[in-house]
Amino acid sequence: MTQLDSYTLAHFLLTSFALFTLGMIGFLIRRNLIIMFLCTELMFQGVVIALVAFSRFHHNVTGQTFVIFVLTVAAAEAALALALVVLLFRRKATLDASAWSSLKG
Amino acid sequence: MTLQPAILIPWLPALSAGLCGLCCVRKSWRRLAAPLTIGAIFASFLLAVLVSPAVKPFDPAEPDLAPHVVTLFSWIHVGDFRVDMAYFLDPLTLLMLMVVCGVGTLVAVYAAGYMAGDRGYARFFAGVSLFIFAMTTLVMADNLVLLYLGWEGVGLCSYLLIGFYYQKPSAVAAAKKAFIVNRIGDLGFALGIFLIYSTFHTVSLAEVLSLAHHVEEPTTAHLWIPFLLMLGAFGKSAQIPLYVWLPDAMEGPTPVSALIHAATMVTAGVYMIARLLPVFELSPYALPTVAIVGAVTALFAATIALCQYDLKRIYAYSTISQLGYMFLGVGVLSTVGGMFHLFTHAFFKALLFLTAGSVMHALAGQLDLRKISGLRTRMPITCLLMLFGCLALAGFPFTAGFFSKDLILADVLVRGLSLHQPLYTTLAVVGLVTAFLTAFYTFRLWFRVFLGPTRYELGDEHHAADGAHAAGHAADAHDIKIEHVHDAHEMPWLMNAPLVVLAVGALFAGLFCKSWLAGLVTQSSAAAAAAHSLHAHATLCGYDPHLAMEFISSAVAVLGIAAAAYFHWLNRPAADSVAARYRGLVSLLNHKYYVDEIYDALIVRPLRALGGLCFVLDRLIVEGLVALVGFLPRLLGLGLQPTQQGALQGYGLGMAAGIAILALLIALALGT
Amino acid sequence: MNALIPLMTLLPLVMAPVTFALLAYKLNWHALATTLLTLAISIAAAFAFDWKHADTLQLVTVWPWISDFGFTFSFGVDAISLCLVLLTTFLMPLAVLGSFAAIQERRREFFFWLLMLESAMLGTFVARDLIFFYICFEFTLIPLFFLIGIFGSTQRLRAARVFFLYTFTGSMLTLAGLLFVAWHATGGSGRWNFDISYLTAAAQQLSYPQQMLVLGALLAGFAVKVPLFPLHTWLPLAHTEAPTAGSVILAGVLLKLGTYGLLRFALPMTPQAIVALAPYIGLIAVIGILYTALICWVQKDLKKLIAYSSVSHLGFCVLGLFALGSNLIGPTGSVLYMINHGLSTGALFLCVGMIYERLHTREMRHMQGLAKVMPVWSFFMVFFCLASVGLPGLNGFVGEFLTLLGAYTSPHTLGQPYAVAAGFGMIFAAIYILYMVGKVVFGPLVLPPADLHAPATTPAGPAHHAAPKDLNFREIVTLAPLAIACLALGLYPQPVIDCLQSPLETLTHPVTSVVQAQMSAQGPVTAVTSEEKNLPDWPSDTSPLANPGDAEHR
Amino acid sequence: MMPSIFDKIATLGPEMILGLGACLCLGLGLAPNIAVRRSCALVAWLTLLLAFFFIKDESSVLFAAAGMTAYIKRAIVGLGLLLLMAVLTLPSQWTGTLDEEHLHHRFDPALAFRGEFFAFFLLSLAGTMLTAGASDLVWLFLSLELASLPTYVMIAISRQRVEAYEAAVKYFFLGAFAVALFLFGFTLIYGASGATDFAAIRRSILFAGQPSALMIVGLALAVLGISFKIAAFPMHFYAPDVYQGAAAPIAAFLAFVPKTAGFVALMLLLNIPETLPPALLGLIAVQAVLTMTVGNVLGLLQTSVKRMLAYSSIAHSGYMLLGLLAPPMLIPVAGPGSALGNGYAGILFYLVAYGLATVAAFAVIALLERNGEEADHFDDMAGLAYRHPVLATILLLSVFSLMGLPPLVGFAGKVYLFGSVFSRANVYPWFVWLVVIAVINSAVSGVYYLRLAGVCFFESPKDRLELVTSPTRWLAACAAAVLVTALGIVANPLVSASRSAFMPPQPSSTAAIPPARSAAPASVPTWPTTTTPQSTSPTF
């Protein structure tokens, strides 16, 4: 039990923030659509860790219940994302995000 | 006998102007216009005579308004700026009314004959009656603003009548020039009125005169008033800076030149200064300036008249010169002299113009001196009438012109000697030189036209009376029956009768009217008390100046006539040889010292260029500036457009950057 | 009795769709009937108006609109607004009458928009609620936008767009200013009231910087409408493109919205700012007068010349408006100028419209010496030109003279140099008007080539246009009332002047009190005040020439 | 006593009906018979109508801003009906009698045959309604998700063209990014306060005196994340491409529904702390100004009408953001002329005003077609007044309302917002400059709106421009235009409705947002009780 105590909230927040920024950077840099989606999932996971940490810190369960909802929403988005990616792939045989930039101005 | 009927004096001609305007509508009504106008003007003349006993002398010292003012209705009352349509009658007004309506009637009678057969017959007489309305309003105005109304009203009528032959571009240009130059003078006059109101808080004539009379310590405001009013007077009476419009005004029909540009309108300036004499006395420098300008103009115009070849132009410059005399007279506080010369000048100048008109009428519009000679056989009466006029103009002893011009020169001399100021003596000498020149050019014209071998060329106007066809040659039907006269002929008696009356006036007005006129002037606001005291003890090398001046001026006049006789009657080749030797000077004078060209180059052309510049400026800079302000958002848009290049990552980057900026802002805000 | 004003205002608005729905025939007569009916009602209102105490608000009607916002449709007139209302209702029938022949196709839309325009203008003058005023002020944009856009000539698109955007941008800023004043009047109570008299009273508490801000906003909107100097470029464009009726109303009434707005809002609400800015605005007005007068002189297009001339005339109007402090001469002259300019320039545009109907061109080089073939038209043209140039005896003179005199005798806000400079505007006005009259009316007869676009250098020379017929009865009936009005207002303007005195007194009172305060603060220099009527009380110590401290050269 | 969950569920009538309707549509969509499949549209329309009658004015015990919930639901249903009509094309697909071929080459949701489109449509509306009822962070998160996920799909299946897919993919990915962001914000809020329920969070803030730094950062991130929904400054990049890619009715849907959800969420979030901390105030003010300027300035350059309307929607979000700066007065002022102090009510009013104008504009575009494809370019619009005067008038009315010209509802909206901002000017004097910037922006917006009106009315018509035969779109366009004019003139009902959204409900109860909150914030000078205007104006 005490193992946990030696890690203060800051550590958890640091990891979650790290995950979040990693996800964001990945989203901005990677060209591939699926990878970009995965990066958003990564950002979600960052959030989840933070939630759990806060829940533990505040000694109440709301954070964790929030996590459950976040995960379900992430799943829904995943379904939708992949459906879209399939739709796009069928139209243009590439997953490169920059292929889709005809609308501009 | 009250002053009430005086109200009708201006409004009768106004009514006739309206009726004549209606006459223009129908061809058949046209002939009604002349009798209407003549009747109206004569009625005004009679009314003036009728009312004269009721007119009391006016002394600016104690302004009792009652006997003088007749009010119609309140025109503009704003706060204490009170202006109402009211008439002020005093002996000076009476004199002017007599001149205006008297000469007006005579000219109208003449014009009835002269203008017969002209398409714009009714329009002409509408213009003349409107002019009389404006002139009488000007003369009888109770306050300065009503005076200003009359002032611009006569300017308008001169515009309409100069531009009567509107088919001729030169007439239209002359009319426009006259109105604009008058307007420049009117601006000076208006600013004078503003200054008077801002210093005296009133524009009513009587109050202004009495207030001006009581001012002991004039401030700078007071000093400016006369100079501004002077600008207006010089504009209207065609003095040095603003005289250019009068010679061109000869484009109008001759009766117009006679009535407006010789007898009545141009004298408005002299009347204004005479009327507002106490105001002009506010500044010690005002009246001397008037005198100097008057004298210089007289000399200047006389020299130009020497070498002109157009009959009417000569008389135009002579009018400017004679007006110079009147200003000289008023300038030396001899308002009696000034007004007397105005009175006589109205007669003989109108006579001269009308006789010149008869010559023009007879010779189908021919006015060039070099093409006319020896008309005495063809037109004896006109020759005789013009002789009387010329004698009066030249100042031949015992003619009207002699008495009035001599009175002015004498007063100038007296003032010069008594105040020991060389200025006035020099002005007197200038006056004498001008008198000589006047005599010379007057008789140069007379000898050329009537004496010598009888040969003349007809002018280019087929239709003698109407100049309208000269330019247009439009093939409109000759609706009015005109007998084609191919040779110079005497005028019908209808036109010569008024000339005879004028001739009588020109010859004998001097003798009989002097005392009557002096009485009128001294009883009015134009009475200059100072002049009399000087008279007593001035002597010109022992003799009484007035007597001496009579001899000198008559000698000068006779000398001038003799010189003209020698050069232009007896020995014309000698004149040509002299002209040939001084060809440079003659052409300079003939081209009027190129003053018109100078004005055009210095003022008109630059202004027009400035206008063009402003228009270009307006389209480029002003519109450009406002369009630039309008372009700023579009510029910002063009700057931001690269952020919308369509790439998904680009947008992600943009969002991240945006968040970074705003996060920075929050940190800043939290920090403080 | 006081239902007259709302009835008058809403009648054209209601009749507009009715005329639009009517069949094409007899359309113009219906429009004429509506405008004449509105004129009748406005005259009835004039009789119902108690001219003795003209400054009080009369014939007031208040209809609730959005009560939560505090917006109400409140109608009410004082002497100034009633005069401008009468001007509008007087010009409208003439404009409609003037466009009988001019407008052939899409007449239903034309009369629809024209009636909407009249209702909007009347609304602006009778509105006693700030937002109701603003709504009518903005609503005048839409009809004219379409009138110019649909019925204009070549450059109508650009003209309509420029016209709309200039005024719209300005009036948006004015909206901000007005809302600020309204908010400040709530004094934090959260309860907004948009009644104009209430706001004017409450605006006295505005601090100096706030007043400058509000005046800046008001000026943005009204200066564009008045066309003050730098913002005037939309007017010539709009005028040359607008149809005759549009031009008549645009010049006759719409330009007066700007000056009316300044008089109704800027003067009473921001006195200190007005006194501070008056010299600069006066300077802009004078520049506007001289600058545009010079431009008029070089114009080739007749309508553009008259458009620029109305910018120059409005410069006088604004000059008079800011001649405050010592007496009411300036403002009275300014209001008179509004009415007179409306009549004379409206008539000029009608005359030009009649020429355009006959010769289908506005180029001055194509037409000359029309007096020979159209004497009656020439009479009216010369008459209205002289009226607009300010010939004494006609209406232009009274306004112009009072404006200049006002500027001359109010050294605190303006002063003599302004009056002298503006005086030169009088001369330039004579120059360009006589240049135009001399060119178009007088001189030898020249008519435009039959087909304007045909090459002028055909061997037989351009086949000339058929000689235009003179005015017919309808056209004379259009111009005659204007001529009579010009003459009447010129010779006997006193009743109008009397009724303007008290409302102007109330409107300019805040500014005069500020000026008095400043003057008394500056020490006992004897100012030229209207009350003090004693004889010349000049300090008698110094010699006449070296008198540094006298009043009028300050 | 604590409201039981059942009371809360009982109030979710409209949402449940929409959910059922969605499922029904999904089911019907699978039916083999074409007629049955196409009847989903009718079913969807009827469900919406039915939902309208189930809206009740709940007491605020159950929902954060009870009044607002009812207002939003009514607005959503009302405009939802208009949007649905704008989406449908042919009458036949109500009755299912039309032949196959004719449908093929033109956008027609019926093409989706399977009714998913209508299901997602209803679900998205349900999501927005739920957002209005949120009183808890989790609820808010879920309802926002429910509101936006269906829209991604709707865009993808709205048109058979590549642009639609491109729009969908951009919208989805950037959306996901934004959701992650505001979720992170929610987490921090939860972290700072230890609770997800708004009332509990407020109590924790009150307990701590003033919001902690973590709380402010959390709120800031939440605001930034949600500003994606309303296309505010940093998150506005997607809007032009998505609006242009999607079909016109769907663009109208995007312009209204997510925007409403976004603003409602923002209002709920920013209402948690007693007064807006200066940092957040600054954030929103800067965001408002930047959004307005970007929207108007880029709108000037557009040649495509839909793209221009997209930028105008960004600009209008900017104006509405200003409303957030003026939360409802602590002691609500009653009586005439007192509405102008409440920014939030201004936003609610402006949402409806903006929604109506945009629906009208997009419906007109949806009705025009050039050789089979949507007439989107300015030149296509040339001379519309000559060919279809009614359509041109509708477009004109909507454009003038968006511009803020007086007699229309846009003007009342703008006055409402600017007035509310002014009402806070004595606390923060620089608000006056915000209004000046907003006014200049709407003047700039006048330029491109006028260009559209000018093109329609004055230019001569160019090549062929057919009319899509869709009476329902005509109906939607005309209804929207009539409402824009009517509400402009008779604005009272809408104004009082939007105001009552923040009035304490009659049965006073310990609501989540206790009406009588603590004394006015310290920095605000106490208002003089008398209404006479003394000079409380701060000197600049």
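In chain B, strand 1 (residues 69-78) and strand 2 run antiparallel and are joined by 8 bridges. This is a predicted model. Elsewhere in chain B, B:Met230 is found in helix 8 (residues 220-236). Chain B also meets chain D: 22 residues of chain B are in contact with 29 residues of chain D.

**Strands 1 and 2 of chain B**
- B:His77 has B:Arg82, in strand 2 of chain B, as its bridge partner.
- The hairpin of the two strands has 2 residues between them. There, B:Gly79 takes a positive phi near 60°.
- Strand 2 covers residues 81-88 of chain B, and 6 of its 8 residues are buried, so the strand is largely enclosed by the rest of the structure.

- B:Met230 has 26 other C-beta atoms within 10 Å; 20 or more make a residue buried, so B:Met230 is buried.
- Leaving out residues up to four places away in sequence, B:Met230 touches B:Ala286, B:Thr289 and B:Val290.
- B:Phe81 lies 149 residues from B:Met230 in sequence. In space, the two are 23 Å apart, C-alpha to C-alpha.

**The side of chain D that touches chain B**
- Contact joins 29 residues of chain D to 22 residues of chain B.
- Helix 10 (162-193), helix 12 (213-226), helix 13 (238-245) and helix 15 (278-299) of chain D each supply at least two residues to this side.
- Helix 15 of chain D gives the most, with 10 residues.
- By type, the residues on this side of chain D are 24 nonpolar, 3 polar and 2 charged.

Technical notes
Residues numbered from 1 in each chain as written. Chains lettered and ligands numbered in written order. Predicted model: local features only at pLDDT ≥ 70, side-chain atom pairs only at ≥ 80, totals over all residues. Helix = DSSP H or I, 4+ residues; strand = E, 2+ residues; numbered from the N terminus. Buried ≥ 20, exposed ≤ 12 C-beta atoms within 10 Å, placed from the backbone. Contact = placed C-beta atoms within 7 Å. Pairing = 2+ DSSP bridges. Nonpolar A, V, L, I, M, F, W, Y, C, P; charged D, E, K, R; others polar.
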